[in-house]
Amino acid sequence: MNRSMKLASLLATVSFGVLTASQAMGAESLQDVMKRRGLNEKDVLAAAKTYTPTGKRDEFLVFSSGGQSGQVIVYGIPSMRILKYIGVFTPEPWQGYGYDDESKKILDEGSNIDGRQVKFGDTHHPALSETNGDYDGQYLFINDKNFPRLAVIDLKDFETKQIVKNPIMMSEHGGAFVSPNTDYIIEASQYAAPLGGGFVPLEQFNEKYRGAVTYWKFNREKGRIEPENSFSLELPPYSQDLSDFGKGPSDGWSFTNSFCSERYVGGIESGRPPFEAGCSAKDTDFLHVVNWKKGEELFKAGKTKQINGHAVIEMATAIKEGMLFLIPEPKSPHGVDVTPDGKLLTVSGKLDSHVTVYSFEKIQAAIKAGKFSGKDEYGVPIIDMKDVIHKQVELGLGPLHTQYDAKPCVAYTSLYVDSMLAKWDFCEGKVIDKISIHYNIGHLMAMEGDTAHPAGKYVVALNKLAIDRFNPVGPLHPQNHQLIDASNDKMQLLYDMPLPLGEPHYAVAIAADKLKPHVRYPHGTDSRTEEKHPASVRAGKERIERTPGKVEVFGSVIRSHITPEIMEVTEGDEVTVHLTNLERAEDETHGFAISKHNVNLSLEPGKTASASFKANKAGVYPYYCTEFCSALHLEMQGYLIVQPAGYKATDVK
Ligand code: K7E
Ligand code: RUQ
Ligand code: CUA
């Protein structure tokens with residue numbers, strides 16, 4: 001035996017030894033694992049349907065509201081792996097959102113109202129941009145219920161690009177929903193208030209408080225909302241709620257629910273008149289049916305009133321021009337959802353066990369025939385409910401929201417009080433299956449379930465309470481998103497995912513292959529304007545420019561240097577540091593933080609971002625890269641030297 005043969009046989013013995021050892025240890029069989037973990041066959045099937053091996057990707061991506069966090073959560077289906085939080089109405093330090101000058105411009109301006117900076121947002125309803133009623137993967141919009149505003153997120157880089165503040169509302173809920181070609185995004189108010197703000201005593205609630213719905217014009221080429229081309233419609237002071245745009249035959253129309261049409265505003269203290277009994281005293285509220293195409297014509301013809309520089313179609317004009325109608329809807333309605341073919345509308349009454357399906361064709365027939373059962377107190381014509389009902393279907397207690405399946409006529413509706421999700425046939429009006437969820441479902445989300453061509457396969461129950469589902473983490477529990485296999489008539493619960501960021505309301509799921517986000521930016525891009533950053537630099541062109549009281553740094557980052565390595569300024573200087581990431585490699589992001597300053601930049605390949613601050617205290621401040629980017633990551637550092645005023649290098653002895 002020569003030496004190498006000896007070595008080979010030795011190795012063989014060793015590896016054989018390892019093998020037998022592991023066999024002796026007992027590589028567990030599936031049955032062993034099932035026994036050890038107390039799993040049954042159904043559990044294993046559910047695991048097999050969701051487990052996503054390393055390197056494999058998800059079939060759908062979900063954009064979920066992050067509730068009180070003011071952010072958006074992105075996760076995959078079926079793995080339920082969280083991929084990203086997108087900062088929208090609140091800062092998100094990892095992405096530098098609200099920390100670099102470029103994003104601060106959007107966030108600070110979009111959070112400023114009457115001299116106050118609002119540092120909170122209540123996101124409710126994300127909406128994906130559509131082309132011909134189907135998701136196109138280009139943009140995402142989301143509303144803030146508390147401070148009526150709408151944000152535009154570009155799905156090229158998953159960054160917030162614009163926040164528009166509603167100029168007339170004090171509260172909203174019925175946004176964001178898009179028209180079939182995303183030319184408009186709807187935002188409907190919630191609690192009535194004087195339009196445009198200001199004080200009006202509660203005694204004048206009925207006369208002077210109003211609801212409204214805003215139609216924000218979206219410019220797809222620019223990827224921005226155009227406030228100057230947007231308009232609103234004045235509505236009665238009912239609590240307007242969720243909305244939806246028509247599509248197909250109902251394109252050109254939009255629908256907005258309301259509750260508390262009693263106009264109840266609380267007790268009778270301070271000499272307020274005794275309003276009627278509380279909300280939901282009546283059997284019905286009103287669905288608002290709006291011909292928004294006509295509204296667009298009226299807006300273009302200037303038949304509007306300016307409030308805070310924004311065009312508002314007055315109710316009287318809308319009534320005269322025949323663009324606004326009401327239909328009674330059962331007790332305390334919540335969601336209104338147009339079917340994929342645009343022919344029917346599903347309305348759920350929280351306090352009714354039925355879901356009411358209205359026929360758009362019948363609504364049109366009633367309007368054309370001028371057949372109304374009367375008018376409300378504001379002169380808006382009321383269509384007789386029984387003239388326009390397609391079906392009323394008993395589903396269970398507390399129906400809230402409806403989404404649609406790939407199969408024609410099949411819908412899913414959340415049953416809040418019952419803690420169940422119903423799969424049903426809205427053409428025939430019959431229940432197909434019901435499944436228990438945990439617990440108290442709000443919205444639900446089917447794959448592309450609010451488009452003209454839903455994708456079916458899965459439904460997610462967005463539950464309000466988790467109670468005993470997860471390990472306890474204190475009195476405040478995460479929310480629970482439950483993934484359900486909906487590919488068969490009989491539904492199967494697959495997975496519980498805790499959402500720890502805030503209360504998610506609505507979520508939308510898009511086929512992952514429709515998204516084509518960028519891997520890098522063109523060299524020196526300001527990601528928020530999507531233009532070449534005027535302060536971007538090429539390698540070797542880094543420099544520091546000084547003018548009295550001001551220092552501007554034009555620097556770069558690349559493995560494994562921050563250039564310049566020293567930034568010398570004088571106490572009291574206004575400092576701006578612009579940094580360009582010169583990398584082209586995928587995922588080579590560098591960060592930039594300065595000790596004890598509120599600075600953290602996220603510099604993805606090609607991006608230029610800036611940090612401005614006042615060097616208000618003499619000292620030595622290390623700065624460094626905050627992303628572990630290479631073996632020499634820790635060496636990616638430098639010093640900000642803030643010299644005392646009047647300091648001269650020659651003073652050093
Ligand atoms: Cu039902 Cu804001 Cu859409 Cu919450 S709302 S659930
Ligand atoms: S260093 S790898 Cu702080 Cu341990 Cu991060
Ligand atoms: Cu660059 Cu760490």
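Biologist: How far apart are the C-alpha centres of domain 1 and domain 2?

Modeller: They lie 43 Å apart. Domain 1 covers 60-266 + 277-514, and domain 2 covers 525-651; those bounds come from an automatic or database domain assignment. Keep in mind that this is a predicted model: local features need pLDDT of at least 70, side-chain atom pairs count only at pLDDT 80 or more, and totals for chains, interfaces and linings use all residues. Residues are numbered from 1 along each chain as its sequence is written, while chains are lettered from A and ligands numbered from 1 in the order in which they are written.

Biologist: OK. How many residues of domain 1 are in contact with domain 2?

Modeller: 14 residues of domain 1 meet 12 residues of domain 2, where contact means C-beta atoms, placed from the backbone, within 7 Å. On the domain 1 side, helix H4 (101-111) and strand E9 (159-165) are the elements that give two or more residues. H4 gives the most, with five residues. Helices here are DSSP runs of H or I with at least four residues, strands are runs of E with at least two, and both are numbered from the N terminus.

Biologist: And the make-up of that side by class, what is it?

Modeller: Four nonpolar, three polar and seven charged residues. Ala, Val, Leu, Ile, Met, Phe, Trp, Tyr, Cys and Pro count as nonpolar, Asp, Glu, Lys and Arg as charged, and the others, Gly among them, as polar.

Biologist: Why does Cys 409 count as partly exposed?

Modeller: Because Cys 409 has 18 C-beta neighbours inside 10 Å. Buried takes 20 or more other C-beta atoms within 10 Å of the residue's own, exposed means 12 or fewer, and partly exposed is in between, with C-beta atoms placed from the backbone.

Biologist: Is Ser 254 buried or exposed, then?

Modeller: Ser 254 is buried, because 28 other C-beta atoms lie within 10 Å. It is part of strand E16 (residues 253-259). Leaving out residues up to four places away in sequence, Ser 254 touches Ile 186, Ser 243, Asp 244, Phe 245, Gly 246, Val 290 and Trp 292.

Biologist: What about the largest nonpolar core, which residues touch the most other members?

Modeller: Phe 141, Leu 421 and Val 459, out of 125 residues. Such a core is a set of buried Ala, Val, Leu, Ile, Met, Phe, Trp, Tyr and Cys residues joined through C-beta atoms within 7 Å. Another core lies apart from it, with 28 residues, including Tyr 99, Phe 554, Val 569 and Leu 579.

Biologist: Let's look at E44. Which of its residues are buried on each side?

Modeller: Strand E44 (residues 600-603) is covered on both faces, with Asn 600 and Ser 602 buried on one side and Leu 601 and Leu 603 on the other. In a regular strand, side chains alternate between the two faces of the sheet. Four bridges join E44 to strand E43 (residues 590-594), and the two run antiparallel; pairing requires at least two DSSP bridges. Phe 592 has Leu 601 as its bridge partner. Five residues separate the strands in this hairpin, and Lys 596 takes a positive phi near 60°.

Biologist: Last one: why is H2 largely in the open?

Modeller: Because zero of the eight residues of helix H2 (residues 30-37) are buried.

Conventions. Contact = placed C-beta atoms within 7 Å.
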